[in-house]
Amino acid sequence: MAKQSENDQRARGERRGAERLRTSQPGGLKQAIDEPASEQNFFLPRQAGGMTVFLLFAFTMSALVFQGLPTPITCGAALASAALFACGTLFARLERGAGSSAAMRGFVVMVGIVLPMACAGVALARWVAEGLPWQWAIATLVCINAAAAALFDMRIISLFFSKIASWMGFSLLVPGTLTYAALLAAAITLSLIARLEWKAAERRRLAREARERVAARAEDILRSFEETGQGWFWETDRRGLITYISPKAAMVLGKSPDEVIGCPLSEIVDPSQGAADAERTLAFHLSARSAFHDVEVRAATTGDERWWALAGRPVYDSFKNFCGFRGHGTDLTEKRRSEQQVSRLAHYCSLTGLANRVQMSQALEQILSAPSGRERACAVLMLDLDRFKHVNDTLGHPAGDALLKQVAQRLERAIGASGRCGRLGGDEFQVIVPGHQDRHTLGHIAQDIINALSQPYSLEGQSVVIGASVGIALAPEHGASSDELIRNVDLALYAAKDAGRGVYRFYAEDLHAAAEERAELEQDLREAITKGELELYYQPVVYAADEKIVGFEALMRWNHPKRGWISPAKFVPIAEDAGLIDRIGQWALRTACADLARWPRSIRCAVNVSALQFANPDLPAIVANALAHSGVAPSRLELEITESVFLNDNAGTDAMFKALKRVGVRLALDDFGTGYSSLGYLKKAPFDKIKIDRSFVQGATEEGSRNGAIIASITSLAEALHMDTTAEGVETLDELELVRLLGCSHVQGYIYFKPMNASDATALVSGNLVAEADGPQCARAPRQNLLRKVVVVHNGNRLNATLRNISESGAMIEGLWNMPAGSAVRIEFSADKSVTGQVRWSRENRVGIEFHAPLRRRADGSFAVLKSPHGQAAARGGW
């Protein structure tokens, strides 16, 4: 490094010496010396006229020494020399003229170089003959030759001719053989010298051109380095004051280079906001005069934040004296921004801006590892969006991303400052509520979240409704480690989904067994699909007007090898979550069409289609293939679709309905009135039938029930829209009579038939297709069988009897003979527990009693007495 510094100082010294030499010359001569290397290919420099001033000065000094003017011939020769050099610019232009020939260049050499120098020599030679001291004349000629050497620098031929021509004039003083021999010897000597000088000049020229190329390349690289903004340069003196700074760097500081030069290097660095350590590091290196690199500092800007990486080294002169620092800087602003972005992506969700799984895990670990037991208490809420996959499938992933952003915003507003929320991935979110929280407060928070996330969303101009299920686990009650707590809150979330979604559930110990059972059922379901263990059962649909069988509804059944018959309400949700429902649905379509092909042409079959199947664009093709393989007319197949398909009412839904109608199948709206709250879809959806859910049919005959009015409204709506109606779940004769009276066109339920296998269904339709209602007259509340001694008070008489069964509305008592119907009685269960009622029927020693006030069933299945026989509240008890 020191050697390099010495070389730099030496080169600068040489350049300064050459500059001083050039500035001491006359203007024209200096310009001639400063000509570029390409100009030296010509014999005559552009500023050859600079010799005129020098010759006039030399001849003037000779006249002063001579103390007078020479003869006119001598004066003429001197003036001719100066005049010819004065025309040197014209001769140089002629030499450089386009298409100048060798003859023209020879003419320029003779007229512009040889003739003026020869005239100068002749003038001095004649002047000596006229009395000028020969010593002065030789000295003047030597000076003229020196000036010519400076003028014709690196022009060896021009220099040779000028020197020979100048000395030829002195041959006039002593003409003779010896003189001519001396001139010849001088010419030969000068030729040899010129040859050597030519070679040396060529080497110097090549070396100089190489250095110039290297210097130009280095200059271009450095200029490009500065102009492209990749970096900049700086230099300070020994006092630490800036002597050079790149314009780009000064511009970043909001100043010009002149305003920055003369300031300490530390003034371009902002020591605030985390850069103080770097500023102290820079100050240390400057004071210690040690080299440094990659010192990250913040620029002292007034606007946007800018960061630099500085590198520098000390500079010494040839005497080892410290001269300052020289270095460069690079812009780290974008790099720092990228690092910040990477750090943010590592801890935050790039889509929603919420904390991601890593940060939420770190936050939970931090709470659970607190030194105090009180500080380790917290609650974890796990959220899963209901029907989010349906949004992705129908509207596309961009709409799903937009939905997740809105969900994140609502979730943050619902949580507020009470906790921290994050997105774990997909449609799964997590909330951490620090501190001890009672279950009531947490339940309120969870319900607020569910309510907020269940409100309609606006996506691409369309209204979308989803829901949320929430699982809750407490620390340390439900887990002291993060892994245990997360595992348990996941189980609570699964329990919330199994409970019908849109609810919250706390973790309980029995959820582990439920989760294991669910996992086993999922695996068994996969095997059942592979082995063909699933079956289709068919429940007949009866035309209400003539009680004839007109169709069936295909119902999924699974007879588990170990567990026995498993309810579809239990395994269908598992199939939906496991992604098996589409596979099961296709099998059900093919099987139902194959069975339908064996039945009379007047019989239809209805097959349920889930919302996930409906979102499959290939559904029309799947239905058409099933019909084609079975040879069944499309009008005999009825697809039952629930209202959930309208949660994302869009062009895709309309297109699916149109495609299915083009296939030719019938469409039935299943579970009408239990889900989607809007009726606007009925204007567009081409349904052929509305199915009235069994929840409206059951209890419709009870006194005070509004279900009958709802059924009447549905049938009126269907009639206005030219649609059929099917009442589901009809089980009693009074329910059958009511739905007929209210205008239902079809009936389905146990009052006629229970679901049956395909063989029984085939045997059934091989007859006359007439159905006969068979069932109880009315529905009664579920009864509990038991054997208990009671006292029955009738007309003041206390009779001992036995209670055989009991329900919310009545009981059967054994041991009472000849008790007339309509009798009022009081049943005493204990001294302070009794209930009043009325005898409805009496057979031998058994009577049926209807309570005046219904009993309340407790969570454990027992009943509580609500009122005493005197109208006052009695002590609550169970049996």
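Which residues are linked in a network of salt bridges? They are Glu553, Glu640, Lys691 and Glu728, where a salt bridge means a side-chain nitrogen of Lys or Arg within 4 Å of a carboxyl oxygen of Asp or Glu. We will come back to such pairs below, after a look at the model itself.

This is a predicted model, in which local features need pLDDT of at least 70 and side-chain atom pairs count only at pLDDT 80 or more, while totals for chains, interfaces and linings use all residues. Residues are numbered from 1 along each chain as its sequence is written, and side-chain values use heavy atoms, with hydrogens and water left out.

Let us start with confidence. The pLDDT is the predictor's confidence in each residue, from 0 to 100. The protein chain averages a pLDDT of 80, and 85% of the residues score at least 70. Over residues 1-34 the pLDDT is below 50, and this stretch has 31 contacts in the model beyond near neighbours in sequence (a contact means heavy atoms within 4.5 Å). Residues 866-879 also have a pLDDT below 50, with 38 contacts beyond near neighbours in sequence. Where pLDDT is low, the predicted coordinates should not be read in detail.

Now back to the salt bridges, of which the structure holds 23. In one of them, the side chains of aspartate 577 and arginine 518 meet at 2.5 Å, N to O. Aspartate 577 lies in helix H20 (residues 568-577) and arginine 518 in helix H19 (residues 511-531), so this pair ties together parts that are 59 residues apart in sequence. Helices (H or I, at least four residues) and strands (E, at least two) are DSSP runs, numbered from the N terminus. Aspartate 577 counts as partly exposed at 40% relative accessibility, whereas arginine 518 counts as buried at 15%. Here buried means under 20% relative accessible area, exposed over 50%, and partly exposed in between (1.4 Å probe, protein chains only).

A salt bridge also joins glutamate 638 and arginine 666, with the closest N and O atoms 3.1 Å apart. Glutamate 638 is in strand S18 (residues 637-642) and arginine 666 in strand S19 (residues 666-672), so the pair ties together parts 28 residues apart in sequence. Both glutamate 638 and arginine 666 are buried. Aspartate 688 and lysine 661 form a further salt bridge (3.1 Å, N to O). This pair links distant parts of the chain, 27 residues apart: aspartate 688 sits in the loop between S19 and strand S20 (689-692), and lysine 661 in helix H24 (residues 651-663). Lysine 661 is partly exposed, at 30% relative accessibility.

Next, a helix with buried residues. In helix H27 (residues 733-741), Asp734, Glu735, Leu736, Leu738 and Val739 are buried. What do the buried residues of H27 pack against? Their partners are helix H25 (694-697), helix H26 (707-720), strand S21 (724-728) and strand S22 (746-748). Glycine 743 follows H27 and has a positive phi, near 100°.

Some backbone details deserve a visit too. Most residues other than glycine have a negative phi, and most peptide bonds are trans. Lysine 320 is not a glycine, yet its phi is positive, about 65°. You can find lysine 320 in the loop between strand S5 (307-316) and strand S6 (322-331), where it counts as partly exposed at 47% relative accessibility. Arginine 387 likewise has a positive phi, near 70°, and lies in the loop between strand S7 (378-386) and helix H15 (388-395). At 37% relative accessibility, arginine 387 is partly exposed. The peptide bond from alanine 475 to proline 476 is cis, with omega near 5°, and proline 476 belongs to the loop between strand S12 (467-475) and helix H18 (482-498).

On the surface, Phe57, Met61, Leu64, Val65 and Trp136 form a nonpolar patch with about 460 Å² of accessible area together. Patches are made of residues with over 30% relative accessible area and no salt bridge, like charges being joined within 9 Å and nonpolar side chains (Val, Leu, Ile, Met, Phe, Trp, Tyr) within 5 Å. Accessible areas come from the Shrake-Rupley method with a 1.4 Å probe; for residues, only the protein chains shown count as cover. Helix H3 (residues 50-66) gives the most to the nonpolar patch, with four residues. Phenylalanine 57 is in helix H3 and counts as exposed, at 54% relative accessibility.
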